[in-house]
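This briefing looks at a single chain and groups its features by topic. Please read the points below beside the sequence and the structure.

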Amino acid sequence: SKVKYSRMSDKALKATIKEWKIPTDEAMAHSVTVDENSGIVWFSEYDILSNKIANFDPNTQSFNEYPIPIPEAHAHTGTVMKDGRFIVAMATEGGVDEKLIASTFDGELEIYSWPEKPQGARVVVKDPTNEDLLWIVARNDTWSLNTRTKEFRAYPNPRPPSVPEGSYADTYGRGANQINSYAIAVDSKGYPWVTQFNLGVIFRVDPVTGETKS
């Protein structure tokens, strides 16, 4: 009797929710991304057993699934490139050279490797100021990738002088030495903004100097 409920609008009451089952049984769909030009829905199948890139066409209501040729790729979060391909980061373990994988709608795959870096990657976003540039969070680094030249660049994540009070690391006593990042967004001036979830920190990267501001 003490709970106050919001009034449901007529529009909300008339909403329709549709659900489609992914062909691979019990696939763990991760981070849905919609191509703003074609309307094609892309996602990764993050779990080890599935290990695929997939898309869904709302017009035909059909799925395509493409196995990733990297074992235990842990394909995480991707973006749609200017040519309509979907590129996704692979959070692989154990020093695998392959960092990103791109797919056409029909499943032609291209792998982006960086042998100099042992860690996997997590999230890929586009730079609104440069159509050839992608930004990636990769544990203790933030990376950029020029898709035209295939050149990577690493920007080390900042390490705070102490564990921020009230953060996950402070509250639970875990991850205090981890400066790994999770989410990333790029603003209209081309500056990436990155979260360090265990430290409760957001920082900005200067793409020219590499300096960070937390």
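This is a predicted model: local features need pLDDT of at least 70, side-chain atom pairs count only at pLDDT 80 or more; totals for chains, interfaces and linings use all residues.

Contact is taken here to mean heavy atoms within 4.5 Å.

**Nonpolar cores**
- The largest nonpolar core has 15 residues, of which Ile87, Leu100, Tyr112, Ile136 and Phe152 touch the most other members.
- At least two residues of this core come from each of strand 6 (86-90), strand 7 (98-103), strand 10 (130-138) and strand 11 (141-146), and strand 10 gives the most, with three residues.
- Once neighbours within four places in sequence are left aside, Ile87 is in contact with Gly78, Thr79, Met81, Leu100, Ile101, Ala102, Tyr112, Val124 and Leu134.
- A second, separate core comprises twelve residues, among them Trp42, Ile53, Ile70 and Val88.

- Four strands make up an open sheet in the order 13-14-15-16, with antiparallel pairing, and its edge strands, each pairing on one side only, are strand 13 (184-186) and strand 16 (212-213).
- Three bridges join strand 13 and strand 14 (residues 192-196) in the antiparallel sense, and Ile184 has Val194 in strand 14 as its bridge partner.

**Thr24**
- Thr24 lies in the loop between helix 1 (10-13) and strand 1 (29-34), and Thr24 counts as buried because its relative accessibility is 15%, the cut-off being under 20%.
- Apart from neighbours within four places in sequence, Thr24 is in contact with Glu45, Ser50, Lys52 and Glu65.
- Ala73 is 49 residues from Thr24 along the chain, and 17 Å separates the C-alpha atoms of the two residues.

Definitions and conventions: Residues are numbered from 1 along each chain as its sequence is written. Side-chain values use heavy atoms; hydrogens and water are left out. Buried means under 20% relative accessible area, exposed over 50%, partly exposed in between (1.4 Å probe, protein chains only). Two strands pair if DSSP finds at least two bridges between them. A nonpolar core is a set of buried Ala, Val, Leu, Ile, Met, Phe, Trp, Tyr and Cys residues joined through side-chain atoms within 4.5 Å.
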